[in-house]
Amino acid sequence: MRDLNLPMPVARAVLRPIFRATLNQRAPWWLQRRLLELGSVAQLVPAGTTVQRIRLGGRPAERLTATPTPTGAVLYLHGGGYAVGSPATHRSLAARLAHQTGAAVYVPDYRLAPEHPFPAALDDAEAAFLELVESAGYRPDQIALSGDSAGGGLSLATAQRLIARHGHTPAALGLIAPWTDPNQIPERDGDLVINRLWSRACAAAYLGDGDSSDPGYAPLTGVLVGLPPTYVQVDVDELLHGQCGDLVAALRAAGVTVRFTESNGLWHVAQLQAALVAPAAAALSELAAFLREAIQPADVRDLG
């Protein structure tokens, strides 16, 4: 993989002004989206990745593979405060997961707020998972749900809905700095990537005229019993660090098998820069190993 491995101080110096200009509550959503799309070209995609543009759950999506015969699937729900982000902005991360899990990674282009407030994104994620089961031939326990930030919260909400409505339990949940309760006001002003004002603007855009007490909007307040094994990654300096700790404690209290790692020195969803920064690549590799084991509990490479 054509990684650059920038020194951490250099990566921070480069990224800070980019994110301050891009994820800015004063900028219209369309401009934030466009700037993120333009910046995504710097996030390198590993050689040997096959990217297919498909329809999934009634929405555009990308299917990324790194082997002719992938085993299992990862449904990856991108972050961006429910208002920005796309398969393009997360293609590098998804591609690395495809290489390291041996699975097909599906990234739906779910509808964004404020044009499509809650529960549009949740409806789209549910529909995507159901199509993988009903039309693509996967069993629910062959599909892991994963996502970052708002996509992490959406992954949790999707798992809860799949279990409650359809009796489908995904293989695992892989959550990178998940935003699981938009009602909570962060104690910190911000981190290198996101800030409190931008996150509140995203929360309001996603809620629209909805009910903020709905567990689909704030899955941290929903039913956690019965969820699959879950891995939560967060850095200690992130805006969402405290909320991630609350989630892990609540999951453990509900009897869910949880793995929790806290990095020190990275930033919000640094895994997106795995091609640029070695510690971010290491964190993403740990997540990939967890997802691979969940999808292939008896690794076919060890059989026969």
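Is Ser-155 buried or exposed, and what is its relative accessible area? In this predicted model, where local features need pLDDT of at least 70, side-chain atom pairs count only at pLDDT 80 or more and totals for chains, interfaces and linings use all residues, Ser-155 is buried, with a relative accessible area of 0%; buried means under 20%, exposed over 50% and partly exposed in between, with a 1.4 Å probe and protein chains only. Residues are numbered from 1 along each chain as its sequence is written, and side-chain values use heavy atoms, with hydrogens and water left out.

Ser-155 belongs to helix H5, residues 150-166 (helices, H or I of at least four residues, and strands, E of at least two, are DSSP runs numbered from the N terminus). Beyond its neighbours within four places in sequence, Ser-155 is in contact with residues including Leu-77, Gly-147 and Leu-175, where contact means heavy atoms within 4.5 Å.

Turning to the sheet, eight strands form an open, mixed arrangement in the order E1-E2-E4-E3-E5-E6-E7-E8, two strands being paired if DSSP finds at least two bridges between them. Strands E1 (50-56) and E8 (258-263) stand at the edges with a single partner strand each, so one side of each is left without a neighbour in the sheet. E1 pairs with E2 (residues 59-65) in the antiparallel sense over seven bridges, and Leu-56 stands opposite Arg-59 in E2.

Leu-75, leaving aside its neighbours within four places in sequence, is in contact with Leu-56 as well as, among others, Tyr-106, Phe-129 and Ile-143.
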